[in-house]
Amino acid sequence: MSESRRAASAAVLPSARPRQRVRRPNYTLSALVAVAFLVVFVIPFAFIALTAFKGQQEAAQLEFSLPGDWQIVENFQAVLETGDYILIIAFINSVILTVASVTFMVVLGAMVAFVLQRRTSRTTGPISFLVLSGLIIPPAVVPTIWVLQELSLFKTLFGLILVEVAFHLPFCVLLFRAFIATVPRDLDESAVIDGAGPIRLFFRVIFPLLRPVTVTVIVVQSVAVFNDFVNPLYFLPGEENATVQQTLFNFQSQFESQYNLLFMDILLITIPPLIMFLFFNRQIVAGMTSGAIKG
Amino acid sequence: MTTTLGAPENRRARKQPTRTSRGRTRAGSAAIKGAYPFGFYLPAGVVYVTLFLVPTLAAFFFSLTRWTLFDYEFIGLDNFEQFLREAALLKGLTNTLIYAVVTSGMKVVLGLLLAVLLTSQIIGRGFLRSLVFFPVLVSTIGVGITFTALMHPSEGLINSSLSVLGVDGPAWLTDPTWALLSVALVDVWKGVGLATVIYIAGVVSIPREYYEAAEVDGAGPLAQFRNITLPLARPATVTVIILSLIGGLRTFDLIWTMTGGGPGFTSDVIASVIYKQYQAGFYGLSTAGNVVLFLLVSAIVVPLFWFLNRKEAEL
């Protein structure tokens, strides 16, 4: 599998394009592909934007057309004001959830991966097994609620943060472990000889070197947590602490006849991943393919 | 993965022959071991064990009970029996299998085709790659709502375009025979980008020389695809199949947004059954659903993982 993994990182870097003899591009094929992609992948997004900019009656017709009168600002305000600015509260909740859980994942995941990769002992096998099981096994819902309740963390944002950490840790560990394998052990040895303890060795010497993979983990997991719908649904129910995905789901029944507001909400929720994608396209693809090929 | 792990160590081992294959000096071994304390496992371990491992194991016990979170009554295998007896629950089981097989099958075929297309000589390759991949990052709920509107039986964009072409489109989400398949199609639309990107990585790693040699021997593009691309992209295929099976078997968001398991319970999957039983307060039954899903995933993914990887080793 190593071959494809190396290739995964190669595909990500534009400089590492396959060596190909210079050929003239195939114009007919290009045109066909462009049209097909336009229909399949561009039109749905254009539909979201156009509907979000329409007036209520026009949007209800579900037509793919330019808005008769553009109501961008009006719709934007109307969505924000719905339910006492619930969307703004939800955005704040989602941001707290994402930032906190991803921070925990990065630090805890990197620590586990470091020891797991460096120290070969009888425990390495079972722990790798646990990490892999975490990737494959679907979490048991009600027993998790039961545990949270026993710890009086059920229906708290902190409880949900810990749940997200627990469910996403295995993937982080795999990404970090593969990268730490490329960091020379000589560094550890010289740091130890210079008198660094394990905490200093890890946080001062190793962790700063993990920057590329840390960026990948942060980006991939932020998108995953921000888009998560199931876990908040189960572990953080209740209107007042809704996340953005929750509000979107609730708006679906609330705005049954107000497609313009519903799609304005979708548009707003799509912006954070879009920004991530524009800036970190390469890291996202790297993380998803490399983690994927091992998983 | 093994070569990546081994590579830097081997290089050093060659330089300094006194080292053991694990790359540690014999004398410094004890000191360096102390640099990797098991204590580093502790914080992550506590979170993982209490919120993932304990619930997973507890599920096996509580699935045998009638349960209210505060109180339980042991009822043996009744919950599982009910799962197999009640049509609504059994439907969820078969639907999950159909959904997982259909989505991963389509992702393999379309992902490979798109990858071949997007590594060939066409204009705007990089942009098109981004375009296929972007839906992977968009909120599943948002995609679900958008396609619910696009798939509206009479006014939706899909059916009105089809009627212009003279085709009478199905009622998609409101037609019991089409509902599950419609959601599966949207899942493929959203997820094919990941499969494509994995396949692109696989296809790009195939040396150009093979194709050149094949061309000299007079192999056409189709023969090249069949005899070079397809077998050598095998690791990517394994990954795509395993990943999309895991995703497909536990799917919930998209089904819940688009059909809610309906019409009736024709598009229910195990994950939506789990949620419905949880909402209704049947915690024991809901947990039994979780155990069924656990067994289903292990019964499919583990042997497949073993089988596909073994085959690869033989090649």
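Read along the sequence, chain A runs α-α-α-α-α-α-α-α-α-α-α-α-α, which comes to 13 helices and zero strands, where helices (H or I, at least four residues) and strands (E, at least two) are DSSP runs numbered from the N terminus. What we have here is a predicted model, in which local features need pLDDT of at least 70 and side-chain atom pairs count only at pLDDT 80 or more, while totals for chains, interfaces and linings use all residues. As for labels, residues are numbered from 1 along each chain as its sequence is written, and chains are lettered from A and ligands numbered from 1 in the order in which they are written.

Let me begin with confidence. The model scores ipTM 0.84 and pTM 0.85. The mean pLDDT of chain B, pLDDT being the predictor's confidence in each residue on a scale from 0 to 100, is 84, and 89% of the residues of chain B reach 70 or more. Over residues 1-27 of chain B, however, pLDDT stays under 50, and for that stretch the model has 28 contacts beyond four places in sequence, a contact being a pair of residues whose C-beta atoms, placed from the backbone, lie within 7 Å. Where pLDDT is low, the predicted coordinates should not be read in detail.

Now to the two chains. The C-alpha atoms of chain A fill a box of roughly 70 × 65 × 35 Å along the principal axes, and 48% of its 295 residues count as buried, meaning that 20 or more other C-beta atoms lie within 10 Å of a residue's own, whereas 12 or fewer make a residue exposed and anything in between partly exposed. Chain B has 15 helices and two strands, and of its 315 residues 42% are buried. Among contacts with a separation of 6 or more, residues 24 or more positions apart account for 77% in chain A and for 68% in chain B.

How many residues does each chain bring to the contact between them? Chain A gives 88 residues and chain B gives 88 residues. On the side of chain A, helix α13 (residues 259-294) gives the most, with 14 residues, and by class that side has 59 nonpolar, 19 polar and ten charged residues; here Ala, Val, Leu, Ile, Met, Phe, Trp, Tyr, Cys and Pro count as nonpolar, Asp, Glu, Lys and Arg as charged, and the others, Gly among them, as polar.

Is helix α14 (residues 270-279) of chain B enclosed or open? Nine of its ten residues are buried, so α14(B) is largely enclosed by the rest of the structure; among the buried ones are B:Ile270, B:Lys276 and B:Tyr278. After α14(B) comes B:Gly281, whose phi is positive, near 90°.

Finally, B:Ile158 lies in helix α8 (residues 157-164) of chain B and is partly exposed, with 17 other C-beta atoms within 10 Å. Leaving aside residues up to four places away in sequence, B:Ile158 touches B:Leu150, B:Met151 and B:Gly169.

Notes
Contact = placed C-beta atoms within 7 Å.
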